[in-house]
Amino acid sequence: MLTSHRLVRSVITRAHSCSKPLSTVATLPRIAVCGSGPSAFYSIKYLLDKHPDVHIDIIEKLPTPFGLVRYGVAPDHPDVKSVVTQFAEIAENKRVQYFGNVVLGKDVELSQLLSSYSAVVLGIGATSDRKLGISGEVEVDERADPATGTLSSGGLLSARSFVHWYNGHPEFAWVKAVLQALPHPLRDVVIVGHGNVAIDCARIMTESLSELQHTDIVTDALEVIRGCGIERVHLLGRRGHVQAAFTIKELRELSKLAECRLVIRRDELDAGMTDASRDELAASRPRKRITDLVENICKGTAPGVEGIKKQEIHLRFLVSPTDITSSEGWVSGVKTVRNSLVGGAGGQAAVATAEEELLPAQLLLRSVGYKSEPVPGLEPEFFDDRRAVVCNQRGRVTSTASDATVKTGLYVTGWLKRGPSGIIGTNIADAKETVESVLTDLESGMIAPVPASGGDISPLRELLAPDVNVVDWAGFRRIDAEETRRGQVAGKLREKITDVCELLAVAGRCR
Ligand code: NAP
């Protein structure tokens with residue numbers, strides 16, 4: 001990694017190349033970081049750590065920071081959320097300025113950022129999700145508008161929308177109306193996918209009030225979920241238990257719910273135990289531990305699974321949805337097909353057999369992965385549609401063409417760079433790689449410091465129209481304090497404010 005004195009020298013060299021004498025042209029390496037989730041914050045941390053002069057502006061479309069830590073991590077996992085303490089310290093560094101409620105492509109263009117900053121780092125994650133691609137897949141998602149009647153064909157939600165809603169994301173408040181409009185009780189819910197997001201959704205639907213009420217889950221959402229009358233959740237995985245994407249901690253939590261029993265079928269475990277699965281187990285200790293737990297849950301000997309409980313989660317393996325059935329415009333069931341595993345260890349695929357099953361369902365959650373979308377203002381040749389990522393080499397944005405032309409000054413980090421996988425900590429190595437590319441390019445002169453224009457005055461201030469209601473860090477601190485206060489009154493960790501106008505008012509930005 002670069003040493004500070006070499007970097008300072010590079011800054012001076014760049015300044016020398018300008019027409020004015022060095023004494024009159026103060027310059028600074030200024031970086032705009034778009035997004036304020038884990039990938040953005042780890043990138044900021046390493047930029048600050050590795051360069052003594054770098055100044056950073058955070059551009060976040062919501063008034064509030066922290067991305068998926070605030071709006072994705074399950075409310076009953078406060079230990080995971082505690083990373084925001086570290087992120088807040090980073091945001092309070094005097095070389096960092098936070099610009100909340102500023103939308104890239106609306107309030108400021110990418111081209112403006114590129115011409116005003118030394119570098120722009122995109123850390124805006126994945127704002128969409130993968131589809132099932134099956135017949136009857138009528139979506140009721142963020143494009144839903146109850147007033148237009150879209151709701152009348154409802155009953156299918158993305159897990160992303162459901163998760164954002166119970167976590168208080170202001171753009172997903174509409175999920176409440178969708179759930180309330182469904183024919184009650186929602187006895188059977190089908191969730192497709194066996195990743196940790198699917199497990200989170202199943203757990204939040206079935207956890208008892210006492211397990212959830214003191215967390216930072218939105219109280220209103222908790223009441224709506226409890227009022228749905230869910231009796232069974234069917235969690236469908238297209239492959240076997242050895243290939244499941246969830247982790248053991250999340251599976252264990254599901255097996256120990258106070259009022260919900262986890263059920264696993266013997267025949268589905270047996271069908272998944274191919275020779276290739278045995279080889280996969282022999283090569284992976286985490287998978288062996290999951291298999292042991294799955295076996296004990298199936299036998300009823302795992303701690304917490306015994307006894308009769310109010311609700312049930314059926315963790316199903318080797319089952320794929322093929323069709324969504326509906327009645328009077330509402331989802332009524334999911335047709336499924338049994339799969340068999342084909343292929344060698346590490347590459348087994350689910351292949352449909354002739355065996356079909358119809359599962360009743362009043363709500364279907366699609367949880368087969370998040371998906372990034374093209375970045376506003378970024379030319380299409382830099383977005384890889386097949387992988388749904390911004391094309392890059394070690395974080396440097398490049399074209400998808402075979403010559404991989406570098407988009408000078410533009411970098412990417414996190415899910416937008418590598419795809420929607422990994423835990424919060426996965427962003428550490430990812431961010432380090434991107435930051436190393438930024439600093440190498442600064443040192444080589446490929447990107448240059450920009451005029452310091454008035455010391456602490458950020459270029460963004462000049463770019464934004466006066467009517468943009470920017471929430472600065474002090475404004476977010478006011479939101480944070482108010483949410484904490486409301487939480488104390490309600491006997492919980494925090495009561496999130498879910499409406500943008502109210503967030504702006506509390507931040508002191510309402511006009
Ligand atoms: P994920 O881990 O990639 O899981 C996606 C699931 O969808 C897999 O089971 C996959 O099965 C299945 N799938 C994909 N396409 C399908 C299709 N067409 N039909 C049926 N099933 C299909 O994604 P995720 O659950 O959205 O999680 C995203 C990342 O966030 C993961 O890295 C996850 O670990 C992380 N996360 C972590 C936590 C936590 O640590 N507590 C919580 C939430 C999320 P195949 O394996 O067969 O493709």
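Modeller: What follows goes through those topics in turn. This is a predicted model, where local features need pLDDT of at least 70 and side-chain atom pairs count only at pLDDT 80 or more, while totals for chains, interfaces and linings use all residues. Residues are numbered from 1 along each chain as its sequence is written, and side-chain values use heavy atoms, with hydrogens and water left out.

Colleague: Which residues come nearest to the ligand?

Modeller: H194, R238, R239, E250 and G422, out of 20 residues around the ligand. A residue counts as near if one of its heavy atoms lies within 4 Å.

Colleague: What is the make-up of that shell by class?

Modeller: Eight nonpolar, eight polar and four charged residues. Ala, Val, Leu, Ile, Met, Phe, Trp, Tyr, Cys and Pro count as nonpolar, Asp, Glu, Lys and Arg as charged, and the others, Gly among them, as polar.

Colleague: And which helix gives the most to the shell?

Modeller: Helix α9, residues 196-206, with three residues. Helices (H or I, at least four residues) and strands (E, at least two) are DSSP runs, numbered from the N terminus.

Colleague: Switching to confidence: what does the chain average?

Modeller: A pLDDT of 91, with 91% of the residues scoring at least 70; pLDDT is the predictor's confidence in each residue, from 0 to 100. Over residues 1-23 the value is below 50, and that stretch has 31 contacts beyond near neighbours in sequence. Residues 139-144 are also below 50, with 20 such contacts. Contact means heavy atoms within 4.5 Å. Where pLDDT is low, the predicted coordinates should not be read in detail.

Colleague: How many salt bridges are there?

Modeller: The search of the whole structure finds 47, taking a side-chain nitrogen of Lys or Arg within 4 Å of a carboxyl oxygen of Asp or Glu. One of them joins D188 and R232, with the closest N and O atoms 2.7 Å apart. D188 is in strand β8 (188-192) and R232 in strand β9 (232-236), 44 residues apart.

Colleague: Backbone, then. Where is the cis peptide bond?

Modeller: Between H184 and P185, with omega about -5°. P185 sits in the loop between α8 (175-181) and β8. L318, in the loop between β11 (311-316) and β12, has a positive phi, near 60°. Most residues other than glycine have a negative phi, and most peptide bonds are trans.
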